[in-house]
Amino acid sequence: MLNLHKYEIIKEEKKTDKKGNIIGKVIISRCTNCGKIKQTTIYTEEGYGRY
């Protein structure tokens with residue numbers, strides 16, 4: 001296979017800022033073919049993660 005990754009979610013955590021406010025989610029997934037780990041951050045609050 002040529003760079004074909006099929007990811008499955010292995011862990012999902014809450015993303016917080018320095019004050020402890022929940023600002024999003026962090027999804028950690030692993031490829032079922034090669035075992036590569038991938039982390040994705042999803043910001044749910046407006047203004048975070050954008051500069």
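The model is predicted; local features require pLDDT of at least 70, side-chain atom pairs count only at pLDDT 80 or more, and totals for chains, interfaces and linings use all residues. Residues are numbered from 1 along each chain as its sequence is written, and side-chain values use heavy atoms, with hydrogens and water left out.

An open sheet is formed by 3 strands in the order S1-S2-S3, with antiparallel pairing. Strands are DSSP runs of E of at least two residues, numbered from the N terminus, and two strands pair if DSSP finds at least two bridges between them. Strand S1 (7-16) and strand S3 (37-43) are the edge strands, each pairing on one side only. From one strand to the next, the twist averages 20 degrees, where axes are lines fitted to C-alpha atoms and angles run from 0 to 180 degrees between N-to-C directions.

Strand S2 (residues 22-31) runs antiparallel to S1 and is joined to S1 by 9 bridges. Lys11 has Ile28 in S2 as its bridge partner, and Thr16 has Ile22 in S2.

The hairpin of S1 and S2 has 5 residues between the strands, and Gly20 there takes a positive phi near 95 degrees. Asp17 also lies in the loop between S1 and S2. Asp17 is buried but has no salt bridge, and Lys19, the nearest side chain of opposite charge, is 6.3 Å away. Buried denotes under 20% relative accessible area (1.4 Å probe, protein chains only); a salt bridge places a side-chain nitrogen of Lys or Arg within 4 Å of a carboxyl oxygen of Asp or Glu. Lys and Arg count as positive and Asp and Glu as negative, while His and the chain ends are not counted. A polar atom of the Asp17 side chain lies 2.8 Å from the backbone nitrogen of Asn21.

Technical notes
Helix = DSSP H or I, 4+ residues; strand = E, 2+ residues; numbered from the N terminus. Buried < 20%, exposed > 50% of the residue type's maximum accessible area, 1.4 Å probe, protein only. Polar contact = N/O pair within 3.5 Å; in protein donor to acceptor, adjacent residues only side chain to side chain.
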